Amino acid sequence: MLFFCCPSSSRAAYQCFRALKLIHRDCLPSLHISRCASTASVPRITTHYTIHPRDKDKRWEGVNMERFAEEADVVVVGGGPAGLSAAIRLKQLAAEHNKEIRVCLVEKASQIGAHTLSGACVEPRALEELFPDWKERGAPLNTPVTEDKFGILTEKSRIPVPIIPGLPMVNHGNYIVRLGHFVSWLGEQAEALGVEIYPGCAAAEVLFHEDGSVKGIATNDVGIQKDGAPKATFERGMELHGKVTVFAEGCHGHLAKQMYKKYNLRENCQPQSYGIGLKELWTIDKKKWKPGRVEHTVGWPLDRHTYGGSFLYHLKESEPLVALGFVVGLDYQNPYLNPFREFQRWKHHPTVQPTLEGGTRIAYGARALNEGGLQSIPKLTFPGGVLIGCSPGLMNVPKIKGTHTAMKSGMLASEAIFSQLISENLQSKTKGLHVQEYEENLKKSWVWKELYAVRNIRPSCHSVLGVYGGMIYTGIFYWLLRGMEPWTLKHPGPDFAQLKPAKECTPIEYPKPDGKISFDLLSSVALSGTNHEHDQPAHLTLKDDSIPVSRNLAVFDGPEQRFCPAGVYEYVPLETGEGSRLQINAQNCVHCKTCDIKDPSQNINWVVPEGGGGPAYNGILPSPQMAQFTPADSISSWFEGL
């Protein structure tokens with residue numbers, strides 16, 4: 001375990017001590033629901049300072065807003081595969097050249113790996129480049145793939161599809177991993193090399209030099225009441241300044257969104273497209289356990305115009321474990337579609353249910369995935385900063401793999417950064433270094449070649465044949481031409497704009513969960529280990545509190561209450577008995593960012609909560625305490641129908 005550590009100073013030491021107390025105090029999760037009081041005709045929902053500035057709030061008059069600042073050479077935001085690989089590579093290069101380089105990495109989770117959703121099939125190419133001796137170092141890649149299966153599901157049967165060598169779904173040489181454990185191992189390697197790791201520190205703000213270049217980041221403040229007022233325990237976050245800041249926040253990072261706008265990074269690319277991935281971990285009957293087997297399906301329960309599919313991986317661990325999941329493209333059109341309930345329904349398919357019968361579900365989680373591919377990658381460099389990993393969207397969509405490309409992008413970024421840091425002839429136009437060589441080198445690497453080859457597979461699913469058209473395209477053009485076709489297909493537009501008004505769509509009837517194979521939402525969220533300090537402003541902020549009812553509910557029948565995989569958004573009756581209001585159950589948030597992506601009004605802005613909050617996947621295996629935890633029965637009548 002990597003402990004929260006701070007630079008040496010009395011103030012930082014106090015922050016360290018306080019953070020450890022908070023982590024200890026909040027180790028058991030709670031699904032507290034905060035209800036909003038009505039004010040005038042529109043109930044006030046959002047109290048966060050990003051919407052209601054403190055300089056206009058008298059309650060903040062006289063509060064000390066000074067922040068402690070530390071200087072580093074490179075600041076890394078995000079402790080996932082990309083960020084840790086970048087930090088590791090920098091320290092490796094520093095050791096090779098006998099240079100002293102200070103690298104600081106901040107991670108919003110309470111410990112490295114806690115927010116990493118496991119159940120992944122990893123291609124080890126980048127790992128072998130980063131640590132050729134990874135096996136001797138004990139990297140937790142315990143399950144080599146031994147068998148690939150792919151099929152098309154109808155409601156009652158499965159049509160097997162042969163996996164021809166050379167197609168993206170071939171997994172020979174890959175490993176099924178619990179990615180949270182792998183990320184934790186990477187954190188240990190980084191710490192051993194001298195990387196300063198700060199878990200429990202959420203990067204809340206980007207800092208800029210007067211010349212407009214990135215100066216670094218500031219971590220979030222703590223000790224703020226739910227209504228936005230300072231507590232007696234209020235404490236300002238700290239600043240980390242660096243010559244270069246590496247943004248490795250993962251999919252749809254809230255700081256990266258700001259960089260897109262400030263530096264116009266998306267000027268020459270298509271809108272990003274996303275999917276929502278839901279995962280569970282089960283222990284199953286040992287007789288049904290096939291360690292190393294990888295299974296994928298498309299088709300039922302989704303229609304042909306809704307992109308998505310499933311996976312089921314058999315892990316070789318000390319007990320018979322399977323990781324299974326369901327991905328739904330967030331460009332779906334029917335506002336009544338509920339990804340969580342599609343996932344639960346899929347588990348009852350005649351070819352899936354037998355594997356799970358007699359087993360026990362022990363973990364649940366969800367996260368958004370970048371699916372835009374090469375067409376949607378923004379400019380990756382700007383004065384003082386770079387984007388790496390899933391933040392700009394480097395996932396290979398048909399492979400459903402992004403760990404290896406994320407790691408390699410971090411390594412390439414670090415090599416370019418290091419070259420500038422030690423250059424004696426460097427003449428930078430801005431205080432923050434503009435490392436343009438990183439993007440140039442990435443486009444010369446195997447990452448770009450791989451993404452270019454599969455660039456047309458995802459957008460080919462927008463034909464009349466839908467997902468099956470994409471399969472036909474893959475079988476003909478990709479297999480024959482390997483992505484060398486002289487055209488690049490386009491996406492139809494941003495995901496939020498694809499949703500149709502409710503009156504144009506048919507409601508979807510979902511079966512009730514049986515409590516054995518399928519489950520309700522709240523018991524699922526409980527297994528994610530999700531917890532936030534309840535007395536803090538909701539980090540799911542609304543630009544306009546009136547929009548949810550006046551537009552989302554009126555036009556789209558409140559899709560927030562269906563696309564969120566954690567029950568964060570809920571429409572409840574007004575106390576007057578006339579109409580409804582939106583209630584945000586921020587305590588439940590698993591940090592997947594789906595709401596920020598799919599909100600048809602683009603009124604939701606996800607920002608970081610207090611550091612240490614969120615899910616506690618820890619390799620997506622819950623703690624013994626979590627196994628005993630059950631949510632409150634009175635959380636809301638909305639969930640009774642699940």
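This is a short talk on the fold of one protein chain, from the whole chain down to a few single residues.

Hi everyone. The model is predicted, so local features need pLDDT of at least 70 and side-chain atom pairs count only at pLDDT 80 or more, while totals for chains, interfaces and linings use all residues. Residues are numbered from 1 along each chain as its sequence is written, and side-chain values use heavy atoms, with hydrogens and water left out.

Let's start with the whole chain. The protein chain has 16 helices and 26 strands. Those are DSSP runs, numbered from the N terminus: helices are H or I with at least four residues, and strands are E with at least two. How much of the protein chain counts as buried? Of its 642 residues, 62% do. Buried here means under 20% relative accessible area, exposed means over 50%, and partly exposed is in between, using a 1.4 Å probe and protein chains only. The accessible surface of the chain comes to about 25,700 Å², and 52% of that belongs to carbon and sulfur atoms. Those areas come from the Shrake-Rupley method with a 1.4 Å probe; for residues, only the protein chains shown count as cover.

Now contacts, meaning heavy atoms within 4.5 Å. Take the contacts in the protein chain between residues at least 6 apart in sequence: 80% of them join residues at least 24 apart.

On to the sheets. Two strands pair if DSSP finds at least two bridges between them. If you want a place to look, Val77 stands opposite Val106 in E3.

Another open sheet has three strands, E4-E8-E5, with antiparallel pairing. The edges are E4 (120–122) and E5 (143–144), each of which pairs on one side only. Two bridges join E5 to E8 (residues 175–177), and Thr143 has Ile176 in E8 as its bridge partner.

Why is helix H10 (residues 446–453) described as largely enclosed by the rest of the structure? Because six of its eight residues are buried. They are Trp446, Val447, Trp448, Glu450, Leu451 and Ala453. These buried residues pack against H3 (125–130), H8, H9 (437–443) and H11.

A nonpolar surface patch of about 840 Å² is made by nine residues you can pick out on screen, among them Ile164, Tyr452, Trp479 and Met484. Patch residues have over 30% relative accessible area and no salt bridge; like charges are joined within 9 Å, and nonpolar side chains (Val, Leu, Ile, Met, Phe, Trp, Tyr) within 5 Å. A salt bridge is a side-chain nitrogen of Lys or Arg within 4 Å of a carboxyl oxygen of Asp or Glu. Which helix gives the most to the nonpolar patch? That is H11 (residues 467–481), with five residues. Ile476 is found in H11 and is partly exposed, at 41% relative accessible area.

Finally, some residues in loops. Most residues other than glycine have a negative phi, and most peptide bonds are trans. Ile400, in the loop between E22 (385–387) and H8 (403–421), has a positive phi near 55°. Ile400 counts as partly exposed at 34% relative accessibility, and it touches Met169 and His296, leaving aside residues up to four places away in sequence. His591 also has a positive phi, about 65°. His591 lies in the loop between E25 (580–584) and H15 (594–598), and at 9% relative accessibility it counts as buried.

As for peptide bonds, a cis one joins Trp300 and Pro301, with omega about 10°. Pro301 is in the loop between E17 (293–299) and E18 (308–316).

Is Thr530 buried or exposed? Thr530 is buried, with a relative accessible area of 2%. Thr530 sits in the loop between H12 (521–526) and E23 (540–542).
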